[in-house]
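Please look over the sequence and the structure first.

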Amino acid sequence: MTFDTTAHNSHMTHFDRRDSLWLFGYGSLIWKADFPFLERKPAWIEHWSRRFWQGSHDHRGTPEAPGRVVTLTQDKGARCDGMAYRIQPEVLRQLDIREKNGYLREVVPIHFTATRSAEGLIYLATPDNEAFLGEASLTAMAGQIADARGPSGSNREYLLNLELALHELGASDDHVSALAAALPVIR
Ligand code: BEZ
């Protein structure tokens, strides 16, 4: 699979006939909603864990020095908190471009309360995409994040924004907190 997943995603027509659909954001989509939406609310998905395992060559790094951004890995019994947006299907075209670096649309159940859920979409980067970096030691991942910078800003800022956004949701994520705590101090 090539880096640019825009064409692949444009053939995914799952929600095209709906007036609106739910999109679950677990990374920058939590705090950076630069797309039109009809409503948003905190939500979670089950059996997925957030991980800084996807390379960013286009937003928080460069092809020469990629940053690390989040994707999800299947994890039975886990819960991943984030923000759900109700959007019109045509908004996906612009999100496909924003998230083109290896992310594919995936249909999942999104939970709003213990008793209310809806089928919706996530953007998921799986190990078979060329930008996937996978796991490394905490020190190595934090060092890479501390050093990387791309057109959307520093990778450090991305990690700290995510930690803050989760805190504001009343949520936490051990992986995100551990990486933020392991960031080398700026001198
Ligand atoms: C998210 O926030 O869910 C997200 C952002 C960028 C790429 C994939 C997912």
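## A buried serine

Ser56 is buried, because its relative accessible area is 2% and buried means under 20%. The model is predicted. Ser56 belongs to strand β2, which covers residues 39-56.

Which residues is Ser56 in contact with, leaving aside neighbours within four places in sequence? They are Gly61, Thr62, Pro66, Gly67, Val69 and Asn101.

## Helices α5 and α6

Helix α5 spans residues 155-168, and helix α6 spans residues 174-182. Their axes lie 10 Å apart, and the packing angle is about 135°. That angle makes α5 oblique to α6. The crossing of the pair is left-handed.

From α5, the contact uses Leu159, Leu160, Leu162, Glu163 and Leu166. From α6, Val176, Ser177, Leu179 and Ala180 take part. By class, the residues of this contact are seven nonpolar, one polar and one charged.

## Helices α4 and α6

Helix α4 runs over residues 138-147. The axes of α4 and α6 come within 9 Å and cross at roughly 70°. An angle of 65 to 115 degrees counts as roughly perpendicular, so α4 and α6 are roughly perpendicular to each other. Here the crossing is right-handed.

On the α4 side, the contact residues are Leu138, Met141, Ala142 and Ile145. They meet His175, Ala178, Leu179 and Ala182 of α6. How do the residues of this contact divide into nonpolar, polar and charged, and how many are in each class? Seven are nonpolar, one is polar and none is charged.

Notes
Residues numbered from 1 in each chain as written. Predicted model: local features only at pLDDT ≥ 70, side-chain atom pairs only at ≥ 80, totals over all residues. Heavy atoms only, no water. Helix = DSSP H or I, 4+ residues; strand = E, 2+ residues; numbered from the N terminus. Buried < 20%, exposed > 50% of the residue type's maximum accessible area, 1.4 Å probe, protein only. Contact = heavy atoms within 4.5 Å. Axes fitted to C-alpha atoms, helices over the stretch in contact; angles between N-to-C directions. Parallel < 35°, antiparallel > 145°, perpendicular 65-115°, else oblique. Left-handed = near helix turned anticlockwise from the far one by under 90°. Nonpolar A, V, L, I, M, F, W, Y, C, P; charged D, E, K, R; others polar.
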